Amino acid sequence: MGKRELSVLNALDVAKTQWYHFTAIIIAGMGFFTDAYDLFSISIVTKLLGRLYYTEPNPTKPGSLPINVAAAVNGVALCGTLAGQLFFGWLGDKMGRKSVYGITLIMMTFSSIASGLSFGNDPKGVMTTLCFFRFWLGFGIGGDYPLSATIMSEYANKKTRGSFIAAVFAMQGVGILTGGIVALIVASGLESKFHPPSFEEDPAGSLTPEADYIWRVVLMFGAIPAALTYYWRMQMPETARYTALVAKNAHKAARDMSKVLNVELQGEEDKLQKIVQDERNTFGLFSKQFARQYGLRLLGTTSTWFLLDIAFYSQNLFQSNIFSSIGWIPDANKMSAIREVYKIARAQTLIALCGTVPGYWFTVGLIDIMGRFTIQMMGFFFMTVFMFAIAIPYEHWQKKANRVGFLVMYGLTFFFANFGPNATTFVVPAEIFPARLRSTCHGISAAAGKAGAIVGAFGFLYASQEKDPAKRSAGYPPGIGKKNSLIVLGVINFLGMVFTLLVPEPKGMSLEEASGEATADVNDYDDVTKA
């Protein structure tokens, strides 16, 4: 195998873990920081937006976003992300990882700032501009998925590649915590200055005009860390695998990596010509040969990511329900607008700190020891078990005495999502496809995930509504109820286990071995990967 591999790629595969690996993690991870920060912070401020722009004159209860507006504000970024994953994934294989990488960052920074600046002050104008810029923010974030994963996989050595790609993804956890902390600081600062009364005491006084700054500051802050990494992003050389195997310039690849690795490397043009002219390394995405060699893999990576995200994004539906049931968030009437932001931010940050964030780092620590396949299978298995354990005795968990048990089950479900398929579905597509299609295939897999997120966030919003009108959210039609929705989610997680069987194990292999570019036929090695 070594005979067919370029020495520059081999040097990357066997390189010891160095400083450039960690800088690459930070630079690549900032997109995910912004992604998680944004998705997380919008859920903190949606209630505030309802109070600010949809409170009636002489109100009897705090205003809330109409159903269609709430769906648009929450969902438009997901739609933008899906489009961005497909477009920039394709562009990353056509123009190069690095050249496209700066575009996505500029887009994220600009859209983050613009989403906090609304045109006009009537509800329609504010919500329209917010949704418009959130779509383009999502579009930029979408591009970061395939590019960050591909860049990190192509820079990493083969021994710790899984940990490095997972660490990029784990920056989401940092983004989530930062979103919560920024909201807490801004809300508590304004509350200590203005001391607004609760809605019950004074409906008009509970909504201080200054509360309008909260959502703007929180949303715009997400642009700062991304903007700070722009310079370093532009300083990163193009990955050697793109330069050599796709752009077909072995000398430039050797020159770039000589600087990064501080070793002298030769540009082996003759060997490169043999590799790139090999018919196994020339077929395109829509060819029969791709379908035969990589079709099942692509089905595996897209289906598992799709199924996981249905379950993962539907968690948000049950969150507010959980918080109020365990008394973390009082009734809206008993709080001012600013106090409500503080309470929601505190509750979500605690959940993230206890359940969400630790799971990411378990994956980072263990993925190159246990392997991707094992972690993904185990994660889906425990998610299935805990979903059913919550769903089948659902009435039991609703009783006050059992609420702590309910919270533990809920936390464990999302711990095993992150120490499981949420991380591995991101890692594997960056390893098991050939260099010339790697970014595209990762983008397709990620877009399938976002399609699942849209199903999870909206399909289940309607499905989880109870038959009893008194228990339904205002304005929603009856659905199958929360209990049945949880049972369906358990089944979806089980299907995730089934489709995981299509995904090979790339642990410990070079990217060329894992993607089948260095073997006679990718299927020859697929048979032994499950061993």
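The bend at a residue is the angle between axes fitted to the seven residues ending there and the seven starting there. With that in hand, look at helix α5: a kink of about 25 degrees lies at Y145, shortly before the proline P146. What you have here is a predicted model, where local features need pLDDT of at least 70 and side-chain atom pairs count only at pLDDT 80 or more, while totals for chains, interfaces and linings use all residues. Residues are numbered from 1 along each chain as its sequence is written, and side-chain values use heavy atoms, with hydrogens and water left out.

**Two helices to start with**

- Helices here are DSSP runs (H or I, at least four residues), numbered from the N terminus.
- Helix α5 covers residues 123-155, which is 33 residues. From first C-alpha to last, α5 reaches 47 Å, close to the 48 Å expected at 1.5 Å a residue; the expected span is 1.5 Å times one less than the number of residues.
- The rest of the structure largely encloses α5, because 27 of its 33 residues are buried (buried means under 20% relative accessible area, exposed over 50%, partly exposed in between, with a 1.4 Å probe and protein chains only).
- Helix α17 (residues 403-418) has 16 residues and spans 23 Å between its first and last C-alpha, close to the expected 22 Å. Buried residues in α17 include F406, M409, Y410 and F414.

**Nonpolar cores**

- A nonpolar core is a set of buried Ala, Val, Leu, Ile, Met, Phe, Trp, Tyr and Cys residues joined through side-chain atoms within 4.5 Å.
- The largest one has 139 residues, and M127, W215 and M257 have the most contacts inside it. Helix α2 (residues 19-54) gives the most to this core, with 17 residues.
- Leaving aside neighbours within four places in sequence, M127 is in contact (heavy atoms within 4.5 Å) with L49, Y53, Y54, L65, V69 and V73.
- Apart from that core lies another, of eleven residues, and L285, L298, V428 and C441 are among them. C441 counts as buried, at 0% relative accessibility.

**Cysteines**

- A search of the whole structure turns up zero disulfides (a disulfide is a pair of cysteine sulfur atoms within 2.5 Å).
- C79 is in no disulfide, and the nearest cysteine sulfur, that of C131, is 10 Å away. C79 is partly exposed, with a relative accessible area of 38%.

**Salt bridges**

- The whole structure has 17 salt bridges, each a side-chain nitrogen of Lys or Arg within 4 Å of a carboxyl oxygen of Asp or Glu.
- E340 and R51 pair up at 2.8 Å, N to O. This one links distant parts of the chain: E340 sits in helix α14 (residues 337-370) and R51 in helix α2, 289 residues apart. E340 and R51 are both buried.
- D212 and R216 form another, at 2.9 Å, N to O. They are four residues apart in helix α7 (residues 212-221), so about one helical turn separates them. D212 is buried, and R216 is too.
- E431 and R372 meet at 2.7 Å, N to O. Here again distant parts of the chain are linked: E431 is in the loop between α18 (421-427) and α19 (438-463), and R372 is in helix α15 (residues 372-391), 59 residues apart. Both E431 and R372 are buried.
- D93, R97, E154, R438 and E517 are joined in a network of salt bridges.
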